Amino acid sequence: MERFASVERKTNETEISLKFGVDGEGNSSIKTGVPFMTHMLDLFTKHGKFDLTVEANGDTDVDDHHTTEDIGICLGQTLLEALGDKRGIKRYGNAFVPMDEALAQVVIDLSNRPHLEFRAEFPSQKVGTFDTELVHEFLWKFALEARMNLHVVVHYGHNTHHMIEAIFKALGRALDEATTIDPRVKGIPSTKGML
């Protein structure tokens, strides 16, 4: 069964069309109006071996907040829908990714209990025109809507771009592991019988 979902979201602040395939080849077509976010989503898709299409138009004349937040919401919603009852998945994923001097770790539990634990201190408040506080905003909305437990730790680094890039690469790799079908898993991977 193909694990795929799409969503359309339209508010007074943003208009987003997003399609997400869990079992992809790392193909992306991403237009967000937020260049740094486009770059990070492309990395996430490539390293997670997902397929992702995003068409986003938002009030970036104000700032990048609403567009970044709403993409996180849409991505989380499509992931949740695509995974269905999560039968046969590994459920947990863990990835360390170095990016030059920076090292990031992302750990995921597709538990149906949303939580974000975020341990990263960026040296700069901006990368280009992008506010680095929006990394937390995106990840929190993604975790909330996907109903996953998401832990993000940047162990060290001094270049903010490298630190954030390592996070998104690790996010893709950890999510790829967590969503992988494991033939040894019979049914739902929980003693509760559901996630």
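The model is predicted: local features require pLDDT of at least 70, side-chain atom pairs count only at pLDDT 80 or more, and totals for chains, interfaces and linings use all residues. Residues are numbered from 1 along each chain as its sequence is written, and side-chain values use heavy atoms, with hydrogens and water left out.

Helices (H or I, at least four residues) and strands (E, at least two) are DSSP runs numbered from the N terminus. Ser17 is located in strand S2. Strand S2 covers residues 14-21 and pairs with strand S1 (residues 4-10) in the antiparallel sense over seven bridges; two strands pair if DSSP finds at least two bridges between them. Within this pairing, Ala5 has Phe20 of S2 as its bridge partner, and a hairpin of three residues joins S1 to S2. Eight bridges link S2 to strand S4 (residues 51-58), again in an antiparallel arrangement.

These strands belong to an open sheet of four, in the order S1-S2-S4-S3, with mixed pairing. S1 and strand S3 (28-31) stand at the edges, each with a single partner strand, so one side of each is left without a neighbour in the sheet. Neighbouring strands here are turned by 5 degrees against each other on average, direction ignored. (Axes are lines fitted to C-alpha atoms, for helices over the stretch in contact, and angles run from 0 to 180 degrees between N-to-C directions.)

Ser17 itself is buried, with a relative accessible area of 19%; buried means under 20%, exposed over 50% and partly exposed in between, with a 1.4 Å probe and protein chains only. The side chain of Ser17 makes a polar contact of 3.1 Å with that of Glu8. Such a contact is a pair of N or O atoms within 3.5 Å; within protein, one must be able to donate a hydrogen and the other to accept it, and residues adjacent in sequence count only if both atoms are side-chain atoms.

Strand S6 (residues 102-109) and strand S10 (residues 149-156) run antiparallel and are joined by seven bridges, with Val106 opposite Val152 in S10.

Two packed helices are described by the angle between their axes and the distance between the axes. H2 and helix H3 (residues 133-146) pack at about 25 degrees, with axes 7 Å apart. That makes H2 roughly parallel to H3, since angles under 35 degrees count as roughly parallel, over 145 as roughly antiparallel, 65 to 115 as roughly perpendicular and the rest as oblique. Residues in the contact include Ile71 and Leu75 of H2 and Phe138 and Phe142 of H3.

Finally, Arg91 lies in the loop between helix H2 (65-83) and strand S5 (92-99). Is this residue buried or exposed? Arg91 is buried, with a relative accessible area of 8%. Its side chain forms a polar contact of 3.2 Å with the side chain of Tyr92, and a polar atom of the Arg91 side chain lies 3.0 Å from the backbone oxygen of Pro189.

Conventions: Contact = heavy atoms within 4.5 Å.
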